[in-house]
Amino acid sequence: MTTKLQLNKEEWRNAKGKIAYGMTNDYMFRMVLQSNNNVLKGIISSMMHVPSDTITTVEIANPIELGKYIEDKDYVLDIKVKLNDNSIINLEMQVADLGNWQNRSLSYLCRTFENVQKGEDYNSVMPVTHIGFLDYDLFPEEKEFYSKNMLQNIKTGTIYNRNFCLRVLSLNQIELATEEDKRWHIDEWARLFKATTWEELKMIAEKDKVYSEAANSIYEQNSDETVRMMCEARREAIFHEQYVQNKMESLEKQLSQKEKQLSQKEKQLSQKEKQLSQKDSLIEQLQAELEKYKNN
């Protein structure tokens with residue numbers, strides 16, 4: 001049974017120290033955005049570069065019961081949002097680099113793109129966008145804060161389809177935010193997501209009412225016993241996933257080294273066999289000359 005406390009809307013302002021579960025926890029991310037439509041609207045406005053006064057409705061199309069325990073097979077916590085009833089946006093928080101983000105995000109995006117109803121024309125498809133909030137660099141050799149990726153002709157640069165888009169926000173590259181990113185306050189949202197103490201969160205909350213609402217929602221969700229339990233379960237699950245991933249990478253590295261060593265030994269063996277073959281050939285030659293000498 002969920003233990004939900006009746007909280008004063010300003011009680012979060014008295015909180016101090018470390019935030020138990022911040023927005024980089026995907027369950028907390030889901031709970032805050034699902035429970036506070038203004039915060040969800042604010043994030044969508046910034047990330048999609050859409051003025052908030054043009055947003056009439058933001059509706060979560062795949063809600064989950066707040067605080068309800070999620071079975072392992074249902075652990076995916078991406079948020080599917082319908083914007084103004086004419087486009088679909090997937091939001092996902094991902095802190096662990098499991099090496100599969102490119103394929104995973106495209107898989108989600110493609111499934112969402114299949115939104116044409118039977119009998120409808122394909123031109124009725126709703127535009128779809130997948131926004132990944134990553135706490136690591138997707139492409140370490142090409143660091144970027146916020147990117148927009150679309151299908152295009154690699155020769156001419158012509159966009160193939162403007163209804164299919166994948167955006168990526170690197171939470172650990174805030175210093176690379178462009179002037180456009182700052183104009184849409186994407187850097188401030190990133191700081192809010194990354195905040196680990198209530199003191200940090202309060203400084204951000206002072207800048208805009210929507211950040212203050214987000215801070216209050218984070219406090220409310222952290223005050224819910226079942227939500228905290230689920231956040232901890234997600235943290236442990238991600239830790240386990242990362243541990244398994246690191247272990248696999250370590251084993252693959254060891255295997256690669258073993259294969260390299262084996263290849264070197266096989267090369268050395270081949271060289272020795274060649275040397276032995278040369279010696280055998282020399283011995284045969286000498287024996288032939290000796291027989292020839294004896295016969296003379």
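Strands here are DSSP runs of E with at least two residues, and helices are runs of H or I with at least four, numbered from the N terminus.

This is a predicted model, in which local features need pLDDT of at least 70 and side-chain atom pairs count only at pLDDT 80 or more, while totals for chains, interfaces and linings use all residues. Residues are numbered from 1 along each chain as its sequence is written, and side-chain values use heavy atoms, with hydrogens and water left out.

**Neighbours of β2**

Two strands pair if DSSP finds at least two bridges between them. Strand β1 (residues 58–60) and β2 are antiparallel, with three bridges, and V58 stands opposite L83. On the β3 side, five bridges join the antiparallel β2 and β3, with K82 opposite I88. Three residues separate the strands of this hairpin, where N84 has a positive phi near 55 degrees.

Strand β3 (residues 87–94) also holds Q94. Q94 counts as buried because its relative accessibility is 8%; buried means under 20% relative accessible area, exposed over 50%, and partly exposed in between, using a 1.4 Å probe on protein chains only. Beyond residues up to four places away in sequence, Q94 touches W101, R104, F133, L134, D135 and Y136, where contact means heavy atoms within 4.5 Å.

**The cores**

A nonpolar core is a set of buried Ala, Val, Leu, Ile, Met, Phe, Trp, Tyr and Cys residues joined through side-chain atoms within 4.5 Å. The largest has 54 residues, and L33, L91, F133, L192 and F193 have the most contacts inside it. A second, separate core of ten residues includes W101, Y136, L138 and V168.

**The pockets**

On a 1 Å grid over the protein atoms alone, a pocket is an open set of points where a 1.4 Å probe fits, with protein on both sides within 12 Å along at least five of seven lines; lining residues have an atom within 4 Å of a point. Grid points are joined across faces, edges and corners, and a volume is the space filled by probe spheres set on the points.

| Pocket | Volume | Lining | Nearest the centre |
|---|---|---|---|
| Largest | About 410 Å³ | 21 residues | L138, F139, S147, N149 and V168 |
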